[in-house]
Amino acid sequence: VDNQDLINIGLNGGDTTHAWFYYNTPQSLTVDLSVKKSGSAFYQGSTLIGAVPLSVDLSATVGGSAFGPITYKFYCDDTSATPSTTDTNINLTTKEHLGLCSYPSPTRKTVKVIATRGNATASDTVLILAANACAIR
């Protein structure tokens with residue numbers, strides 16, 4: 001995808017015309033994945049620990065110089081080849097999914113988001129530890 005700028009070109013006699021100038025630049029993209037136990041506040045961290053049954057909300061925020069609509073792919077288990085949900089053609093830099101991931105029994109999973117915007121892609125992960133209540137102290 002090309003970036004573009006509108007430039008003014010002066011002509012003889014003082015008239016001005018406009019032209020689009022296209023140029024290729026590398027696009028950067030970052031994505032930050034925040035998680036929370038359903039009903040709590042989002043936080044950014046590397047691990048979420050909770051008692052089973054555990055319901056987890058996910059929120060992704062993108063940044064960088066890439067532009068255009070965003071595709072978000074959320075995974076409740078990063079070893080899965082298929083996303084838990086995919087949102088395409090999104091113009092919001094933050095996308096949330098409440099109660100997306102449920103862990104009814106003790107487990108260790110990594111949730112993941114992959115964001116694509118223009119020709120740039122970024123990902124982020126958070127470890128989820130769902131345990132019996134007596135194991136969390």
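Which strand does Asn-89 lie in? Asn-89 sits in strand S7, which covers residues 85-90. Keep in mind that this is a predicted model.

**Backbone points to check**
- Asn-89 isn't a glycine, yet its phi is positive, at about 60°.
- The residue is also exposed: Asn-89 has a relative accessible area of 58%, and over 50% counts as exposed.
- Going from Val-52 to Pro-53, the peptide bond is cis, with omega near -5°.
- As for where that proline is, look in the loop between strand S4 (47-51) and S5 for Pro-53.

**The nonpolar core**
- The largest nonpolar core is made up of 27 residues.
- Inside this core, Val-56, Tyr-72, Tyr-103 and Val-111 are the residues with the most contacts.
- At least two core residues come from each of these strands: S3 (30-37), S5 (54-63), S6 (70-75), S8 (94-103), S9 and S10 (120-131).
- Val-111 is worth a click: setting aside neighbours within four places in sequence, its contacts include Leu-33, Val-35, Leu-58, Tyr-75 and Tyr-103.
- Both Cys-76 and Cys-101 are on the contact list of Val-111 too, and so are Asp-124, Thr-125, Val-126 and Ile-128.

**The disulfide**
- The count comes to one disulfide, and it joins Cys-76 to Cys-101 with an S to S distance of 2.0 Å.
- This pair ties together distant parts of the chain, with Cys-76 in the loop between S6 and S7 and Cys-101 in strand S8, 25 residues apart.
- The link between Cys-76 and Cys-101 is left-handed, at -85° about the S-S bond.
- Buried or exposed, what are Cys-76 and Cys-101? Cys-76 is buried, and Cys-101 is buried as well.

- Take Leu-127: its C-alpha atom is 7.3 Å from that of Arg-108, with the two residues 19 apart along the chain.

Note on methods: Residues numbered from 1 in each chain as written. Predicted model: local features only at pLDDT ≥ 70, side-chain atom pairs only at ≥ 80, totals over all residues. Heavy atoms only, no water. Core = buried A, V, L, I, M, F, W, Y, C linked by side-chain atoms within 4.5 Å. Buried < 20%, exposed > 50% of the residue type's maximum accessible area, 1.4 Å probe, protein only. Helix = DSSP H or I, 4+ residues; strand = E, 2+ residues; numbered from the N terminus. Contact = heavy atoms within 4.5 Å. Disulfide = S-S within 2.5 Å.
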